Amino acid sequence: MAILTKEEVDALKGADLNGDGIISNQEHAIYIEKMRREMEDEDAKRDQQRRMVWFALFGMLGYPLFVFASGALGFDNESKIIGDMSGVYFMSVGLVVSAFFGADAYVKGKSKKEDDK
């Protein structure tokens with residue numbers, strides 16, 4: 001039987017599901033599965049954040065092209081209306097992206113402080 005360091009014991013304290021001080025094979029398998037799912041969830045979250053940023057970027061780059069195209073097609077009044085809405089559009093997209101990433105940073109900072117305790 002191997003002797004574990006304090007760091008190893010602290011890392012595995014969530015694996016003892018029934019609190020008897022012994023980590024059975026079943027508890028170990030459940031703990032490993034939980035860790036795997038958490039990693040997959042974090043990976044999916046990063047992928048979704050990346051998609052959201054790319055979508056926002058293409059929307060912000062495509063908006064002026066949309067205004068130009070509507071003017072070029074002869075929709076002058078519509079082009080003016082769409083152009084007038086651009087300030088609200090850019091502010092809204094920026095707010096959504098910054099709020100999402102700000103909330104994520106807040107949660108990560110809060111969980112890091114709790115881990116340090």
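Predicted model: local features only at pLDDT ≥ 70, side-chain atom pairs only at ≥ 80, totals over all residues.
**Stop 1: D104**

Select helix 4, residues 86-116. D104 lies in this helix. The side chains of D104 and Q49 are joined by a polar contact of 3.3 Å. Leaving aside residues up to four places away in sequence, D104 touches K45 and Q49.

Is D104 buried or exposed? Its relative accessible area is 11%, so D104 counts as buried, the cut-off being under 20%.

**Stop 2: helix 2 and helix 3**

Select residues 25-72 for helix 2 and residues 76-84 for helix 3. Draw both axes. They lie 7 Å apart, and the helices pack at an angle of about 160°. Angles over 145 degrees count as roughly antiparallel, therefore helix 2 and helix 3 are roughly antiparallel to each other. Check the handedness of the crossing next: helix 2 and helix 3 make a left-handed one.

**Stop 3: the contact residues**

Which residues of helix 2 meet helix 3? Pick Y63, F66, V67, S70 and G71 on the helix 2 side. On the helix 3 side, pick D76, S79, I82 and G83. Colour this contact by residue class: 4 are nonpolar, 4 polar and 1 charged.

How values were computed:
Residues numbered from 1 in each chain as written. Heavy atoms only, no water. Helix = DSSP H or I, 4+ residues; strand = E, 2+ residues; numbered from the N terminus. Buried < 20%, exposed > 50% of the residue type's maximum accessible area, 1.4 Å probe, protein only. Polar contact = N/O pair within 3.5 Å; in protein donor to acceptor, adjacent residues only side chain to side chain. Contact = heavy atoms within 4.5 Å. Axes fitted to C-alpha atoms, helices over the stretch in contact; angles between N-to-C directions. Parallel < 35°, antiparallel > 145°, perpendicular 65-115°, else oblique. Left-handed = near helix turned anticlockwise from the far one by under 90°. Nonpolar A, V, L, I, M, F, W, Y, C, P; charged D, E, K, R; others polar.
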